[in-house]
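Please load the model in a viewer and keep the sequence panel open. The stops below state what to select and what is found there.

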Amino acid sequence: MVLLVLLLVVGTAVVLTRDLLKATMLFAIYSLTIAGLFVILDAGDVALTEAAVGAGISTILILATLALVPAREHRQRGHNRPALLIVFITGAALVYAVSDLPEFGSADNPVHQHVGPYFIEQTYPDMGIPNMVAAVLASYRSIDTMGEAIVILTAGIAVFALLSVPPRRRQRAPDAKTRGRDEG
Amino acid sequence: MSVEFIIQLIAALMLGIGGIFAIIGGIGLMRFPDVFTRLHAGSITDTLAPLLIIGGLVLLVGFDLLTFKLLAILFFLLFTTPVASHATARAALAAGVQPLGEDTRDTGASTSKS
Amino acid sequence: MDTVLLGTILAVFTTMALSLWRALAGPSVYDTIVGVNAFGTKTVLLVALISFFTGHHDLIDVALVYALINFIAVIAVLKLVRQRDLATSGSQDER
């Protein structure tokens with residue numbers, strides 16, 4: 001599909017760009033493309049979360065971090081050949097494993113056999129919530145959701161603590177950066 | 001020629017023309033020479049194309065809860081994309097990006113504290 | 001009606017590709033911001049059209065949320081590019 005090609009282009013551009021601001025914007029476009037793919041696969045809740053988190057909050061947080069660091073990425077010298085070999089082998093193994101998966105969405109997949117029919121039939125009589133995804137997240141597996149909420153609260157507190165220092169040395173033009181780094 | 005057929009025809013026309021305007025705006029975004037002119041092209045895709053496309057979708061649906069949600073999307077897009085374009089133009093001008101053209105003297109409209 | 005919807009979806013895809021090209025090739029950061037803004041609005045339209053094309057009408061909420069978030073993200077980006085700090089307010093437009 002067209003969206004997969006766009007995804008490849010954007011992903012390559014994010015890696016190859018040296019300007020960090022442009023890379024952040026392209027990362028927002030990447031999240032949007034993934035959200036579009038989720039909508040095509042008819043997963044509304046996941047698309048909503050991906051669009052809100054990836055294109056909204058994540059972009060803003062990365063930009064707030066960028067206010068504290070230099071604006072261009074430091075270029076690495078040379079190629080790291082053992083790392084390239086390991087990544088290539090792992091990628092090839094993953095692609096081979098994908099070809100072994102059962103057919104997408106067919107009715108006799110193992111994941112659809114055991115707990116799935118119970119949830120589909122018993123959610124409304126048990127809980128009274130019409131949306132099955134929300135019922136699993138908030139009623140059947142509610143302690144898991146509480147753990148997730150605690151994790152997100154901790155992450156939010158940490159981010160707030162890190163970013164609440166105003167950037168004293170970046171308020172002038174970027175060519176005063178070396179002078180600012182000495183006095184900061 | 002029932003009323004329903006005419007409504008479907010008008011909806012199809014609005015969807016088609018909205019798509020054509022979106023492509024025209026995209027071509028303008030590619031080919032214009034300057035940030036400010038590209039903002040003009042981008043705002044066509046942001047206000048005119050959603051107006052036509054969402055208007056066509058509203059005609060297809062009829063009168064439902066879905067219509068209210070579509071109209072909410074349309075009103076929100078119409079209110080916020082001109083604000084975003086204006087903010088981008090103002091930020092670009094204040095950062096020193098010079099518009100192309102012979103007479104680029106600033107008449108003071110954007111750097112006054114209004 | 002399905003072919004008209006499919007044609008409009010392809011037109012919106014083309015516009016997304018064109019604005020992505022502008023976001024990648026822009027000489028200044030404001031070109032990238034213009035491209036990302038246009039891409040975001042096209043995504044809202046794309047999600048609305050897909051929810052009609054596949055018949056699942058409850059995906060319209062994704063488009064609504066995304067329209068709100070796109071605006072806030074672009075304004076936050078502009079504020080950060082200008083003033084390097086999310087918490088300052090006011091008109092500090094001159095250098």
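**Conventions**

This is a predicted model, in which local features need pLDDT of at least 70 and side-chain atom pairs count only at pLDDT 80 or more, while totals for chains, interfaces and linings use all residues. Residues are numbered from 1 along each chain as its sequence is written, and chains are lettered from A and ligands numbered from 1 in the order in which they are written.

**Stop 1: the chains**

Select chain A and colour by secondary structure. Chain A holds eight helices and zero strands, where helices (H or I, at least four residues) and strands (E, at least two) are DSSP runs, numbered from the N terminus. Its elements, read from the N terminus, run α-α-α-α-α-α-α-α. Of the 184 residues of chain A, 17% count as buried. A residue is buried if 20 or more other C-beta atoms lie within 10 Å of its own, exposed if 12 or fewer, and partly exposed in between, with C-beta atoms placed from the backbone.

Select chain C next. Chain C has three helices and zero strands, in the pattern α-α-α along the sequence. Of its 95 residues, 56% count as buried. Among the contacts in chain C with a separation of 6 or more, 41% join residues 24 or more positions apart; two residues are in contact if their C-beta atoms, placed from the backbone, lie within 7 Å.

Now colour chain B by pLDDT, the predictor's confidence in each residue, from 0 to 100. Chain B has a mean pLDDT of 83, and 88% of its residues reach 70 or more.

**Stop 2: a helix pair within chain C**

Select helix α1 (residues 2-25) of chain C together with α2(C). The two pack at an angle of about 165°, with their axes 8 Å apart. Axes are lines fitted to C-alpha atoms, for helices over the stretch in contact, and angles run from 0 to 180 degrees between N-to-C directions. α1(C) and α2(C) are therefore roughly antiparallel to each other; angles under 35 degrees count as roughly parallel, over 145 as roughly antiparallel, 65 to 115 as roughly perpendicular and the rest as oblique. The residues of their contact comprise 17 nonpolar, five polar and three charged. In this classification Ala, Val, Leu, Ile, Met, Phe, Trp, Tyr, Cys and Pro count as nonpolar, Asp, Glu, Lys and Arg as charged, and the others, Gly among them, as polar.

**Stop 3**

Select helix α3 (residues 65-94) of chain B and helix α2 (residues 29-53) of chain C. Their axes come within 11 Å and cross at roughly 175°, which makes α3(B) roughly antiparallel to α2(C). On the α3(B) side, the residues in contact include Leu70(B), Ile73(B) and Leu77(B), and on the α2(C) side they include Tyr30(C), Ile33(C) and Val34(C). This contact has ten nonpolar, four polar and no charged residues.

Then select α1(B) and α1(C). These helices pack at an angle of about 15°, with their axes 8 Å apart, which makes α1(B) roughly parallel to α1(C). Their contact divides into 14 nonpolar, ten polar and one charged residues.

**Stop 4: the interfaces of chain C**

Select the residues of chain C that touch chain B. The contact takes 41 residues from chain C and 44 residues from chain B. On the chain C side, α1, α2 and α3 (60-83) each give two or more residues, and the classes are 25 nonpolar, ten polar and six charged.

Select the side facing chain A instead. Here 34 residues of chain C are in contact with 31 residues of chain A, and the chain C side has 25 nonpolar, five polar and four charged residues.

**Stop 5: two single residues**

Select Thr145(A), which lies in helix α7 (residues 142-163) of chain A. Thr145(A) is partly exposed, with 14 other C-beta atoms within 10 Å. Leaving aside its neighbours within four places in sequence, Thr145(A) is in contact with Leu137(A) and Ala138(A).

Finally, select Gly55(B), in helix α2 of chain B. Gly55(B) is partly exposed, with 18 other C-beta atoms within 10 Å. Gly55(B) and Phe68(B) are 13 residues apart in sequence and 12 Å apart in space, C-alpha to C-alpha.
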